[in-house]
Amino acid sequence: MSAITEEVQAFLRESVESYEQLELLLLFKREPERHWSLQTLNARLQIASPLLEDALSALEKRQLVRAHSGPSTVDYVYAPAVESLDTIVSELERLYTDQPIEIVKLMSAYAIERVRTAALH
């Protein structure tokens with residue numbers, strides 16, 4: 001079992017706030033050339049539309065996916081702004097395949113940390 005690198009830990013803490021974001025990001029990474037509509041993503045991942053839209057918006061703000069507006073739809077595609085982001089997502093994908101429980105535990109710990117920090121302010 002490999003250790004979760006500091007880069008992946010920092011990426012999860014700073015860039016992936018929900019399991020919906022994680023599942024979307026990994027799906028985009030696995031099929032990087034594919035353009036995804038909201039309907040296709042919803043059918044594939046079975047994520048409620050409001051959660052899906054929030055997760056896509058967060059990934060877009062973090063420059064991990066890009067929206068393409070067409071005449072009647074918006075499609076999303078994997079588009080990390082810099083190569084180092086793609087490298088970290090690749091490592092995250094590998095770790096999540098090998099150690100899903102460890103990644104989920106880490107995400108849960110970071111979520112609790114965010115709640116505690118917000119409560120203090």
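**Notebook: helix packing, sheet and core**

I began with helices α2 (residues 19-30) and α3 (residues 38-45), whose axes come within 12 Å and cross at roughly 105°; axes here are lines fitted to C-alpha atoms, for helices over the stretch in contact, with angles from 0 to 180 degrees between N-to-C directions. The two helices are therefore roughly perpendicular to each other, a label that covers 65 to 115 degrees, while under 35 counts as roughly parallel, over 145 as roughly antiparallel and the rest as oblique. I then listed the residues in contact (heavy atoms within 4.5 Å) and found Glu 23, Leu 24, Leu 27 and Phe 28 on α2 and Leu 41, Arg 44 and Leu 45 on α3. By class this contact has five nonpolar, no polar and two charged residues.

I note that this is a predicted model, in which local features need pLDDT of at least 70 and side-chain atom pairs count only at pLDDT 80 or more, whereas totals for chains, interfaces and linings use all residues. Residues are numbered from 1 along each chain as its sequence is written, and side-chain values use heavy atoms, with hydrogens and water left out.

Next I looked up the sheet, with helices (H or I, at least four residues) and strands (E, at least two) taken as DSSP runs numbered from the N terminus. Three strands form an open sheet in the order β1-β3-β2 with antiparallel pairing, where pairing requires that DSSP finds at least two bridges between two strands. The edge strands, each pairing on one side only, are β1 (36-37) and β2 (65-69). Five bridges join β2 to β3 (residues 74-78), and I picked out His 68, whose bridge partner in β3 is Asp 75. Helix α4 (residues 49-61) lies across β2 and β3, running at about 110° to β2.

Of its 31 residues, Leu 12, Leu 25, Phe 28, Leu 92 and Ile 103 touch the most other members. The largest share, six residues, comes from α2. Not counting residues up to four places away in sequence, Phe 28 touches Trp 36, Leu 41, Leu 56, Val 65, Tyr 76, Val 77 and Tyr 78.

Last, I checked Lys 29, which lies in α2 and counts as buried at 15% relative accessibility (buried is under 20% relative accessible area, exposed over 50%, partly exposed in between, with a 1.4 Å probe and protein chains only). With the residues up to four places away in sequence left out, Lys 29 touches Tyr 78, Asp 86, Val 89, Ser 90 and Glu 93.

Terms used:
Nonpolar A, V, L, I, M, F, W, Y, C, P; charged D, E, K, R; others polar. Core = buried A, V, L, I, M, F, W, Y, C linked by side-chain atoms within 4.5 Å.
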